[in-house]
Amino acid sequence: MIILLDTLLVTLILTGFLLLGSSRLGASIRISALQGIMTGLLPLALEHGDLFSYVSLLGVAVIGLKGYVFPRLLFSALRESDTSREVQPFVGYMASLFFGILFLMGSFWLDTRLNLPVHSSSDLLVPVAFSLMSCGLFLIVARRTAMSQVIGYLVLENGIYCFGLAVVSGMPLLLELGVLMDIFVAVFVMGIAIYHINREFDHIDADRLSALKG
Amino acid sequence: MNTLSILNLLAGLILAPLLPGIINRTKAVFAGRHGQPVLQTYFDIFKLLRKGAVYSRTTSWVFRLSPVIGLAAVIAAMTLLPALSAPAPVSFAGDLILFAYCFGLLRFFLVAAALDTGSAFEGMGASREVQFSALAEPALLLGLAALARATGSLSLTGIFSASAGPSAGPALALVSAALFIVFLAENARIPVDDPNTHLELTMIHEVMVLDYSGPDFAIILYTSSLKMWALGALLVNVLFSFLPLHGPAAVACVAGSMILLSVLVGIVESIMARLSLLKVPQLLAGAVAISVLALTLVLRFTS
């Protein structure tokens, strides 16, 4: 099981790298869906034997939302906006990848310094969570289009979810479902926001919102 | 040094020109053509060896020296390479750095000779070769560092005879992925460069050797197939390092896997298009990222 868990975690980091390096928004949505499915599989691989039914229910909910519903919402927003790629990010793709490497090393370093009370069977879970969080934040800051920023938000949330899995053993089901509901509403609202940005500026470049200042 | 390691080295020296033939045959099968003979590279080398060489008047001794030095560097690298548990003819602590920089020496002289011809076209190819290998080299070295750390040995023979624990599985898979990208980039295969586009502005490796003719070009052809064999054998060693093979079986396994690897390269070339020139550094940076990840994982697991 530890091999399965480590493979999942390594794949999570790799999807983070892919998101940092890809310019096509459609591909980014697909990769983030894959990442969502991976995070949904994580609690199943973590083996909390006694909580199996609760864990699998949560896993199915996460996979369903992040692997199917969010990509559908994002793809419909993308289709309306008539944009297929991020043209001029604030930080280039090569530089983003190197930032990704820095984040990775930084999160491993942070993990050794923090001494968290980790409940998980793998040492990797916390560093992966930190690295996903920093990747997500970086995507929000360094990309222009609203779509990439929404994807960055999802990556950030995946990181927080991993962190929760590692540190809090057995969070109440209701709480987890509440968080999922919140993300669902957030992505829904962001989809509407993208639609409005697109209608106002003929583009989903969120940077143009600064033109609204008086 | 024993007979087995000599056998391994000889297998590489003799079978290496087979690899481009197998790649071309795989591509031909994919395209529904009959294709050139599998032994075409051997025929080319023997034909070129019988011809005379023509040297441009602008070139100097660097141009004539570089094929020989390149060939020597690649053969030196191959003597450091074991076949799974069969030891390499030469091995000492730290030989993995020598292995990486033998290719550096080969590249340096190839680039120097290309610049020596004074042709703008070759200078452009040299610039691209150096640019891409500057990114491929960290990926190769960091991958080797991860292997060294996982097995606690600093020589290639030690790395591949000691088996890393099962916890290093994901790290080994990552190193293999990074090495595969380095293999494709260093040998100028398709996602990085298309070896079939002679005299077009997209090529990297082929353009640097345009001024060579006769025996010199034969040596260049042989050197590039040896390079493909050496880097491919490194990848195969990493992939199959968990197999408990000993003796001639290990040598046969490496040689057989090299043929499978060239079929794989042929398939990659048939189903993928070459990346645009600006995307290639991104791919190589991805390889570096994968290597760093592998090294971080290994450091984490073994500390």
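Okay, let me start inside chain B, with an arginine: Arg107(B) is buried, at a relative accessible area of 9%. Before I go on, keep in mind that this is a predicted model.

So who does Arg107(B) pair with? Its side chain meets that of Glu186(B) in a salt bridge, 2.8 Å from N to O. Arg107(B) sits in helix α5 of chain B, residues 95–116, and Glu186(B) sits in helix α8, so this pair ties together parts that are 79 residues apart in sequence. Glu186(B) also counts as buried, with 9% relative accessibility.

Now stay on Glu186(B), please. Its side chain also meets Lys227(B) in a salt bridge, at 3.2 Å, N to O. Lys227(B) belongs to helix α10 of chain B, residues 214–239, so here α8 gets tied to a part 41 residues away in sequence. Lys227(B) is another buried one, at 5% relative accessibility.

Over all chains, the structure holds six salt bridges. One of them is between Glu269(B) and Lys27(B), whose side chains come to 2.7 Å, N to O. Glu269(B) is in helix α11, residues 248–271, and Lys27(B) is in helix α2, residues 18–31, so that pair links parts of chain B that are 242 residues apart in sequence. Both ends are buried: Glu269(B) has 5% relative accessibility, and Lys27(B) has 11%.

The contact takes 18 residues from chain B and 21 from chain A, and the buried area is about 1600 Å², with carbon and sulfur atoms giving 79% of it. Three residues, Gln282(B), Leu293(B) and Arg300(B), supply 36% of what chain B buries against chain A, more than any other three.

On the chain B side, α8 (169–186) and α12 (280–302) are the elements giving two or more residues. The largest share, 13 residues, comes from α12(B). By class, that side has 13 nonpolar, three polar and two charged residues.

Searching the whole structure turns up zero disulfides over all chains. Take Cys162(A): the nearest cysteine sulfur belongs to Cys135(A), and it's 12 Å away. Cys162(A) is buried, at 0% relative accessible area, and over in chain B, Cys102(B) is buried too, at 8%.

How values were computed: Residues numbered from 1 in each chain as written. Chains lettered and ligands numbered in written order. Predicted model: local features only at pLDDT ≥ 70, side-chain atom pairs only at ≥ 80, totals over all residues. Heavy atoms only, no water. Contact = heavy atoms within 4.5 Å. Buried area = accessible area lost by both parts, 1.4 Å probe. Helix = DSSP H or I, 4+ residues; strand = E, 2+ residues; numbered from the N terminus. Nonpolar A, V, L, I, M, F, W, Y, C, P; charged D, E, K, R; others polar. Disulfide = S-S within 2.5 Å. Buried < 20%, exposed > 50% of the residue type's maximum accessible area, 1.4 Å probe, protein only. Salt bridge = Lys/Arg side-chain N within 4 Å of Asp/Glu carboxyl O.
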